[in-house]
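Open the model in your viewer and have the sequence panel ready. We will go from the whole chain to single side chains.

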Amino acid sequence: MDHVTNARNEIEPLLTQLIRQLGIEGRATEMAVYSRIQHHLRNAKHNHELARPFSDLSTTANVCFTLPGEANILLERIIEKAEILVCEMENQSGAIH
C-alpha cells in the first residue's frame, strides 16, 4: 500500500479547504502554517517523509491555534485521517521516526 499517495488523497483536499477557509476568515498566520504543512505533504516521496507534516499537524492542533467553526471541523477531520494513516503505517512497517 502506498501510504504517501493515500495521505495525499485523504488529507490534501481537506488541507486545501482549510487553507481556503482560513483565507476567507483573514487568518494569514494560520493559513501560512497549514500551507507549509501541505507543501511538505505534497513533496513527500517516501513514508518516512510523512512524519514531518503529520507531526506538524498534531502540534498545531494541540498547541498553537484555536480555530473557529468550519476551520476547526476541517482540522479535526484532517487530524483524524492522519492518525488513521499513521496507525496503518505502524501496523504494516513499524513506527515512523
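Start with the charges: this predicted model carries 9 positive and 13 negative side chains, and the centres of the two sets are 7 Å apart. Colour Lys and Arg one way and Asp and Glu another to see both sets.

Now switch to a cartoon view. You will find four helices and zero strands, in the order α-α-α-α along the sequence. The C-alpha trace spans about 40 × 20 × 20 Å along its principal axes. The radius of gyration is 13 Å, which agrees with the value near 13 Å for a compact globule of 97 residues.

Of the 97 residues, 37% count as buried.

Hide the surface and select Ile11, Leu15, Leu18, Tyr34, Leu50, Phe54 and Leu57. These have the most contacts inside the largest nonpolar core, a set of 25 residues. Helices H1 (3-24), H2 (28-43), H3 (51-64) and H4 (69-93) each give two or more residues to this core.

Zoom in on Ile11. Beyond residues up to four places away in sequence, what does Ile11 touch? Its partners are Leu41, Phe54, Ile78, Lys81, Ala82 and Leu85.

Last stop: Gln21, in helix H1. Is Gln21 buried or exposed? Gln21 counts as buried because its relative accessibility is 14%, below the 20% cut-off.

Notes: Residues are numbered from 1 along each chain as its sequence is written. This is a predicted model: local features need pLDDT of at least 70, side-chain atom pairs count only at pLDDT 80 or more; totals for chains, interfaces and linings use all residues. Side-chain values use heavy atoms; hydrogens and water are left out. A nonpolar core is a set of buried Ala, Val, Leu, Ile, Met, Phe, Trp, Tyr and Cys residues joined through side-chain atoms within 4.5 Å. Buried means under 20% relative accessible area, exposed over 50%, partly exposed in between (1.4 Å probe, protein chains only). Contact means heavy atoms within 4.5 Å. The radius of gyration is taken over C-alpha atoms; the globule rule is 2.2 Å times the number of residues to the power 0.38. The place of a charge is taken as NZ of Lys, CZ of Arg, CG of Asp or CD of Glu.
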